[in-house]
Amino acid sequence: IVGVGNVGGALAATLDRLGFTVRLCDPPRQAREPESDETFVSLAEALECQVVSLHTPLTRAGEYPTFHMMDDGELAALNSDQLLINAGRGEVIDTAALVARLNQPNAPLVALDVWEQEPRIQPDLVEKVWLATPHIAGYSLEGKMQGTEMVYQALCRFLGLPVRKKAGQFLPEPALSKVCFTGAADEDNALSTALRACYDPRRDDARLRLSMRGNPDERAEAFDRLRRDYPVRRECSSLKVQLKGTSKSLQDGFKAVGFKLKI
């Protein structure tokens, strides 16, 4: 995980609960928190992992700029056994270098939610990546409500008013509220099925690829429209999972991801 802030830190915690070995790369935090309990690695060490997930802000100055942090040299270090994910800022990856790398042998799989020059993203890059979504990683209903709640709480503090409401009390019933698995369920398939019931990114991928038709202005308008008119998406916490006669490891996996369990 490159960039261990709120999102990267939450991802690290989830992966740790699921039993992954996780390397953390965050030079600014490493310099700022020398006494931290976290163990940080260099970018080169992070790029040795099977999955590399980018969650950095975009900075162009200072000791640790992230603009085009992933350029020819870093991308050349990745191979076809690896997956590169960018859910931070599009400009962290040099688009020209990435397109060139994806045209070469032994290229990595790439999943992008963020792009350089949004909304005028490059259709040839969309065509070459494994998974493409239109900057909607944080667009769940719960995520939007939590952001609204933060603004509400800050305004209450500023005005000296008590916080009387919680965002959760305004969330509607999800379209899918419950799934059930028995002891006959395969562990990996059960978790995958529940995750895709909540959110299947392949739908967003298909919509974005279809939007790449037309001239640059039409593509840019379509990209913005995908974000503006994004359908309601719920998080794992909205789905109750009933487990009948399943193993403890499966129960732990569902808990780690954030599902509500009924055993």
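Predicted model: local features only at pLDDT ≥ 70, side-chain atom pairs only at ≥ 80, totals over all residues.
View 1. Cys 49 takes part in no disulfide. The nearest cysteine sulfur belongs to Cys 25 and sits 9.9 Å away. Cys 49 counts as buried because its relative accessibility is 17%, and the cut-off for buried is under 20%.

**View 2. Cys 180 and the sulfur of Cys 198.** For Cys 180, the closest cysteine sulfur is that of Cys 198. The separation is 15 Å, which is too far for a bond. Cys 180 has a relative accessible area of 40% and is therefore partly exposed.

**View 3. Domain 1 against domain 2.** Domain 1 covers residues 6-132, and domain 2 covers 178-261. Their C-alpha centres lie 22 Å apart. Each domain brings 15 residues to the contact. Together they bury about 1,300 Å². Carbon and sulfur atoms account for 64% of that area. On the domain 1 side, Pro 119, Arg 120 and Ala 132 lose the most area to domain 2. These three residues make up 35% of what that side buries.

**View 4. Polar links across the domain interface.** The interface of domain 1 and domain 2 has 1 salt bridge. A salt bridge joins the side chains of Arg 120 and Asp 217, at 2.3 Å from N to O. Polar contact across the interface involves 6 residue pairs. On the side of domain 1 that touches domain 2, α1 (6-17), α6 (123-128) and β4 (131-132) each supply at least two residues. Helix α6 gives the most, with 3 residues.

How values were computed:
Residues numbered from 1 in each chain as written. Heavy atoms only, no water. Disulfide = S-S within 2.5 Å. Buried < 20%, exposed > 50% of the residue type's maximum accessible area, 1.4 Å probe, protein only. Domains from an automatic or database assignment. Contact = heavy atoms within 4.5 Å. Buried area = accessible area lost by both parts, 1.4 Å probe. Salt bridge = Lys/Arg side-chain N within 4 Å of Asp/Glu carboxyl O. Polar contact = N/O pair within 3.5 Å; in protein donor to acceptor, adjacent residues only side chain to side chain. Helix = DSSP H or I, 4+ residues; strand = E, 2+ residues; numbered from the N terminus.
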